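Here is a colleague's note to read with the model open beside you. Take the points in order, and find each residue as it comes up.

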Amino acid sequence: MTTTTERALSKVPEVTLLFWIIKVAATTLGETAGDAVSMSMDLGYLVGTVIFAVIFLAAVIAQIKVRNFHPLLYWTTIIATTTVGTTLADFADRSLGIGYAGGSTLLLALLMASLALWYRTLGSVAVEAISSPKAEMFYWITIMFSQTLGTALGDWTAGTAGLGYTGSALVFSALLGGVAAAYFWTQISRTALFWAAFILTRPLGAVVGDLLDKPLASGGLALSRYSASAVLIAFVLSMLLLFKQRPAQRAH
């Protein structure tokens with residue numbers, strides 16, 4: 001008979017190359033979809049945040065309640081975190097006037113606090129140790145902070161730091177390459193490397209999303225946010241249909 005712990009573990013996907021490919025696509029989708037609602041639909045950052053926050057909460061509740069790993073539900077929840085992260089970061093940075101540097105600093109502090117509280121409460125922040133609804137809650141809250149941080153960090157490097165979208169994409173790609181090298185050739189904690197990669201894929205997706213849909217005058221390609229989002233949704237769905245994802249195994 002399947003135990004509660006086994007059921008909870010089955011909802012977390014195994015971290016493979018496929019995982020990271022879908023993660024980058026999902027975070028890029030979060031940027032284009034978030035901008036489509038807040039900018040193209042002219043609803044504003046606050047209304048966009050409220051809409052995506054409701055979707056995020058509904059997805060997290062569904063994810064926690066299901067007994068087994070459902071790839072479509074899992075990645076829907078990931079996309080929900082990245083869309084709400086996009087509009088929330090833009091609201092804080094632009095509407096509230098915190099600025100990219102201030103927003104990135106605040107969100108980094110919140111992310112580190114979430115990880116520290118998770119570790120203090122349950123003794124591990126490893127994906128393989130997610131074995132209860134409480135651990136899942138910490139997991140999704142931490143992910144939401146990391147996605148929001150990624151948006152602010154991407155905007156800061158592309159705008160304030162003057163690297164532009166292409167330059168920022170190259171920087172974050174290089175940093176991810178460094179994390180991959182550390183994974184294969186060092187003994188650095190796999191959990192630390194996972195969260196480093198998870199955080200870095202978000203600003204990469206943010207600047208790639210901005211590169212696709214921002215005006216030519218701003219250094220973007222001026223593509224339709226709706227079209228870009230549709231293509232990214234189709235890509236994510238095709239990955240889920242073509243390749244089977246397995247749940248993460250329990251740490252021994």
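This is a predicted model: local features need pLDDT of at least 70, side-chain atom pairs count only at pLDDT 80 or more; totals for chains, interfaces and linings use all residues.

1. Let us begin with helix α3, which runs over residues 44-65. Its 22 residues reach 32 Å from the first C-alpha to the last, close to the 32 Å expected at 1.5 Å a residue.

2. Which residues of α3 are buried? They are Y45, G48, T49, F52, F56, A59, V60, Q63 and I64. Looking down the axis of α3, you would find these buried residues within an arc of 120°, so they line one face of the helix. The face turned away from that buried side carries V54, L57 and K65, which are exposed.

3. What do the buried residues of α3 pack against? Their partners are α2 (17-40), α4 (71-95) and α6. Keep these three helices in view, as they come back in the points that follow.

4. Now pick out T32, which sits in helix α2. Is T32 buried or exposed? T32 counts as buried because its relative accessibility is 0%, and the cut-off for buried is under 20%. Leaving aside residues up to four places away in sequence, T32 touches G209, D213, R225, A228, S229 and L232.

5. Beyond residues up to four places away in sequence, T82 is in contact with A26, T27, G30, Q147 and R202.

6. Next come the empty spaces. Rolling a probe the size of a water molecule over the atoms shows where empty space is left. The largest pocket holds about 580 Å³ of space. It is lined by 22 residues, and the closest to its centre are V15, W20, Y183, F194 and A197.

7. Which helix gives the most to the lining of the largest pocket? That is α8, with eight residues. Helices α2, α7 (164-185) and α8 (190-213) each supply at least two residues. By class, the lining of this pocket divides into 16 nonpolar, four polar and two charged residues.

8. The second largest pocket has a volume of about 240 Å³. Of the 15 residues lining it, L29, T76, I79, A80 and I233 lie nearest its centre. Two or more lining residues come from each of α2, α3, α4 and α9 (225-242), and α4 gives the most, with six. How do the lining residues divide by class? There are 13 nonpolar, two polar and no charged residues.

9. Finally, a search of the whole structure finds one cavity of 30 Å³ or more. About 30 Å³ of space lies in this largest cavity. Its lining consists of K11, V12, Q63, Y74, I130, E136, Y139 and W140.

10. Which helix supplies the largest share of the cavity lining? Helix α6 (residues 133-160) does, with three residues. Sorted by class, the lining has five nonpolar, one polar and two charged residues. Helix α6 is also among the helices that the buried residues of α3 pack against, which brings us back to where the tour began.

How values were computed:
Residues are numbered from 1 along each chain as its sequence is written. Side-chain values use heavy atoms; hydrogens and water are left out. On a 1 Å grid over the protein atoms alone, a cavity is a set of points where a 1.4 Å probe fits but cannot get out, and a pocket is an open set with protein on both sides within 12 Å along at least five of seven lines; lining residues have an atom within 4 Å of a point. Grid points are joined across faces, edges and corners, and a volume is the space filled by probe spheres set on the points. Helices (H or I, at least four residues) and strands (E, at least two) are DSSP runs, numbered from the N terminus. Ala, Val, Leu, Ile, Met, Phe, Trp, Tyr, Cys and Pro count as nonpolar, Asp, Glu, Lys and Arg as charged, and the others, Gly among them, as polar. The expected span of a helix is 1.5 Å times one less than its number of residues. Buried means under 20% relative accessible area, exposed over 50%, partly exposed in between (1.4 Å probe, protein chains only). The arc is that of the directions from the helix axis to the C-beta atoms. Contact means heavy atoms within 4.5 Å.
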